[in-house]
Amino acid sequence: MTKRFSLMLISLIALAMLILPASAANQVIAAGGDVFIGEQGLDVSAAVASGTTIAWFASGTNPATDAPNYQLNVGDATNFYVAPADFVGRTGNWYISGTTTVAFSAVDPSLDIKVWDNNANKDVTGKSVVSGSFLNFRVETNTYSVADRADAAGFVNIKVKTADGATYTALYQDATTPLALTGRSVDSSLWYWVTPVTATTGWNTAVVDSAGSKLYKAGTYTVSAELSLNSIKDNYKAPDGSDYTGKTVTALKTVTISGDTVKIEASKDTVVRGNQFSVTVTGRPNDYYYVWVKGTSSMTDPTKTPPQIALSQDSVYMDPPCGSGWPASTGMPNPIGSYQYEGGAGKTIAMDVPATDSCLYYAGIKTSSSGTRTVGFISGANTDDKKYTIRVERNFAGQYKSDEVDVKIEKGTVTVVAAGDQSYFLGQEIRLSGTNSETDVVYMFITGPNLAAEGAPLTNPRGSVFVDGWTQTDVLDDNTWEYKWQTANLNIDAGTYTVYAVSEPRPKSDLAGAQYATVSVIIRKPFVTAQASQSTVAQGDKLYVRGVAEGKPSDGVAIWIMGKNYASRATESVNDDGTFEYEIDGAITSQLTSGQYFVVVQHPMYNDIFDVQLMGDYVVGSYPVQWSNLFKLYGAGSLQGSDAANALTIAIDNAAIDDTYTKLQFLIEVPEIKILPITEKMIGDKFEIKGTTNLAVDDEILVEVYSSSFGPTPKETSGEFSGASGTVKVVKGTEGFNTWSFPIDTTTFKPDEYIVQATAIGLETTNDVTATTLFNVIEFVPTAVPTTVPPTTAPETTVPTTVPTPVPTTTPGFGALVALIGLGAVAFLIVRKH
């Protein structure tokens with residue numbers, strides 16, 4: 001009976017707990033106290049009576065004098081709801097309407113959480129900590145005033161979720177001390193879950209249960225916090241309807257617990273010799289480890305060394321002379337190389353690497369607050385191509401933590417190509433490019449006919465790499481390189497040559513073991529060709545000198561023009577494809593007298609300098625001394641025409657001058673137009689008026705055809721006029737003169753004598769260039785065409801033998817005509833009858 005009663009009592013108590021509400025907390029608001037948007041069931045009666053109107057004033061307004069910006073009836077002052085619809089955007093003091101008495105202050109809540117490492121005393125949110133670290137949580141919120149309410153209770157819940165989805169309500173500081181996560185009363189804007197913050201308080205990530213198993217396995221944990229404050233989380237939602245992150249709940253944060261191990265990873269499994277790589281160590285945060293190239297003590301050949309640790313890296317410490325050893329603040333023993341590694345039978349890491357420059361192959365490191373440290377390694381031409389093992393290790397109170405990673409060093413390659421078709425003129429820029437995955441510098445030399453057998457630098461082909469060194473260029477980060485070889489003024493003859501690109505400075509006779517590549521280039525002498533647009537030029541016409549100048553001369557080509565009492569010199573730039581065009585416009589040719597003119601086109605050749613130039617009135621040359629006078633081109637005593645041209649070519653032909661040239665000539669003539677004779681035409685004829693001219697091709701000629709009767713006419717006559725006019729272009733002729741033609745259709749012409757006038761258009765000359773001629777147009781006269789009538793066989797007819805009376809030989813009159821018609825009718829009837 002007693003047992004049955006006890007069970008009934010327990011049931012009643014449980015039922016009562018389900019039926020009766022929990023006692024309220026955090027609901028009593030003092031006058032002028034804080035209320036938070038979304039809270040419900042608040043008791044604000046200490047400040048305002050039920051049914052009272054409260055008012056809100058925007059920033060910059062005066063509650064004592066200004067009208068309120070918003071008013072609200074409190075309703076039941078013991079069950080007040082801080083509705084988002086009323087209070088979002090209306091935070092701050094709310095006044096009893098009509099007074100300056102503050103009822104309460106409305107606050108928009110904010111909430112954030114961080115994971116705090118008590119050992120390092122820093123934020124480790126989103127980072128990794130080693131098992132054994134003591135963690136804390138720092139809550140940042142503006143709701144801390146809730147702790148001052150008369151019925152204050154815990155209102156912040158911290159959630160810690162495992163990777164499997166389990167959520168903790170408490171975390172252990174040791175095997176017997178759980179620390180609650182829910183219902184925490186936050187009383188400051190920066191609040192720590194556990195205080196004081198020490199290296200032995202908080203969440204012990206290495207705590208074990210009674211069986212010795214870790215409670216918190218290695219992995220990533222999700223951390224968040226939320227407000228448990230008068231249904232605020234349910235009432236105050238984000239615009240999309242979700243929990244309001246940053247206000248009533250925090251964003252999800254993470255922290256990763258790693259095992260008390262150390263790990264090392266390489267940035268590359270295989271590295272081409274000459275390139276860099278790195279290893280990253282992950283272990284305890286802010287702790288110390290040793291890194292070295294394991295088992296390389298037997299590599300005593302200085303040309304075959306292991307990869308080296310790069311100098312001057314952050315938190316990477318090296319023994320002298322590579323560095324200064326462990327800093328005193330670390331408490332670690334110096335020298336670094338004295339560390340005795342596991343399984344070495346007392347050997348140190350300095351003894352496990354090459355003895356020469358041993359400090360380049362081992363180092364001490366300090367991990368970051370997240371437990372990582374990256375160590376850079378370099379390789380070069382002397383790095384032996386093989387597999388290496390990089391080891392990290394530390395002895396923690398007799399317990400070794402270590403890991404290894406293998407990195408393979410491979411030989412690199414060198415390539416070289418020459419832009420274009422590998423055929424170049426001296427003076428051109430030759431772009432050499434390629435790759436070098438072996439070293440950071442490419443060393444180049446050239447070999448060829450009568451050049452040094454060991455090779456010569458590209459800038460001095462007649463030299464030697466033993467004396468003048470190699471031509472060098474740097475390799476970029478992507479292993480590519482480029483070199484622009486300037487061949488202007490290069491001491492080399494035309495021919496075929498070989499360019500070597502080598503990974504290290506070696507002559508041709510010692511390339512074994514080095515990486516290299518070659519490219520063949522053909523060097524040709526520059527040249528110049530030119531021609532005039534026409535051999536005969538009419539005064540006022542344009543003339544063009546066009547040609548090709550190979551070798552890309554910087555200042556182009558020089559154009560010399562010489563004739564009787566005339567000389568000029570100008571330069572013309574050369575296009576990328578080697579072509580050039582120099583214009584002598586009509587304003588110049590119109591001033592030139594008729595006669596022969598000579599043109600010399602000069603190319604500066606190898607040294608890219610005009611060694612024969614015009615200075616003042618004299619043509620000067622670079623011999624026998626620089627800019628010696630060679631002959632006079634202007635003024636009294638100057639050479640003229642062909643003499644000047646001949647003297648110029650002789651000067652350029654001198655052995656001391658490397659320039660070259662081509663020459664041509666043209667004739668200047670008085671402009672002339674001729675019209676070929678035109679025969680008599682009939683109305684309706686179509687023909688061409690033709691002529692010849694010494695005007696240039698594509699020059700225009702105006703042709704006018706008009707009646708010679710065109711002129712003043714009496715008022716009583718029609719004054720009709722017929723003719724034609726138009727412009728035609730000059731075309732190239734075949735017999736020394738150019739030609740032109742103008743089509744004529746005389747269908748609309750009147751019989752008359754016509755004048756043809758041809759006039760040059762656009763010619764830059766003061767005198768008109770014209771020609772005229774005459775021709776006649778007559779009435780159309782049809783040509784008689786004989787008609788052949790086929791013979792007709794008539795039927796036999798009996799004809800009377802009466803001979804008609806002879807008719808007088810007079811011109812038949814009208815009566816005779818009637819008689820003839822009558823005879824014809826009789827004959828027709830007779831024929832028809834038969």
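This is a predicted model: local features need pLDDT of at least 70, side-chain atom pairs count only at pLDDT 80 or more; totals for chains, interfaces and linings use all residues.
The charged end of R90 sits over the ring of Y70, 3.8 Å from its centre. A charge counts as sitting over a ring if NZ of Lys or CZ of Arg is within 6 Å of the ring centre and within 35 degrees of the ring normal. Residues are numbered from 1 along each chain as its sequence is written, and side-chain values use heavy atoms, with hydrogens and water left out.

Let us turn to rings that meet other rings. A pair of aromatic rings is described by the distance of the centres and the angle of the planes. Here, rings of Phe, Tyr and Trp (for Trp, the six-membered ring) pair if their centres lie within 6.5 Å; planes under 30 degrees apart count as stacked, over 60 as edge-to-face and the rest as tilted. The count by this rule is 28 aromatic pairs. F57 is in the loop between strand 2 (53-56) and strand 3 (70-73), while Y95 is in strand 4 (residues 92-96), 38 residues apart. Strands, in this account, are DSSP runs of E with at least two residues, numbered from the N terminus. F57 counts as buried because its relative accessibility is 12%, and Y95 is buried too, at 14%. (Buried means under 20% relative accessible area, exposed over 50%, and partly exposed in between, with a 1.4 Å probe and protein chains only.)

W116 and Y192 form another edge-to-face pair, 5.8 Å centre to centre with 75° between the planes. W116 lies in strand 6 (residues 111-117) and Y192 in strand 14 (residues 190-192), so this pair ties together parts that are 76 residues apart in sequence. W116 is buried at 11% relative accessibility, whereas Y192 is partly exposed at 22%. Elsewhere, ring pairs link F137, Y168, W193, W203, Y216 and Y221 into a cluster.

The loop that holds F57 also holds P68, between strand 2 and strand 3. P68 is partly exposed, at 31% relative accessibility. Leaving aside neighbours within four places in sequence, P68 is in contact (heavy atoms within 4.5 Å) with A55, W56 and F57. From P68 to A55 the C-alpha distance is 5.9 Å, although they are 13 residues apart in sequence.

Next comes the interior. In soluble globular proteins, nonpolar side chains tend to be buried together. A nonpolar core is a set of buried Ala, Val, Leu, Ile, Met, Phe, Trp, Tyr and Cys residues joined through side-chain atoms within 4.5 Å. The largest such core has 40 residues, and V279, Y290, I349, F377 and I390 have the most contacts inside it. Among the elements that give two or more residues to this core are strand 20 (277-282), strand 21 (288-294) and strand 26 (387-396). Strand 21 gives the most, with 6 residues. Beyond four places in sequence, F377 touches residues including V279, V291, V293, I309 and I390. Apart from this core lies another, of 33 residues, among them I113, F137, L171 and L179.

Finally, look at the charges. Side chains of opposite charge can pair when their charged atoms come close. A salt bridge is a side-chain nitrogen of Lys or Arg within 4 Å of a carboxyl oxygen of Asp or Glu, and the count by this rule is 25. K387 in strand 26 and D406 in strand 27 are 19 residues apart, and their side chains meet in a salt bridge of 3.9 Å, N to O. K387 is exposed at 56%, while D406 is partly exposed at 38%. R391 and E404 form a salt bridge as well, with the closest N and O atoms 2.7 Å apart. R391 lies in strand 26 and E404 in strand 27, so the pair ties together parts 13 residues apart in sequence. Here R391 is buried, at 10%, and E404 is partly exposed, at 32%.

Definitions and conventions. Helices (H or I, at least four residues) and strands (E, at least two) are DSSP runs, numbered from the N terminus.
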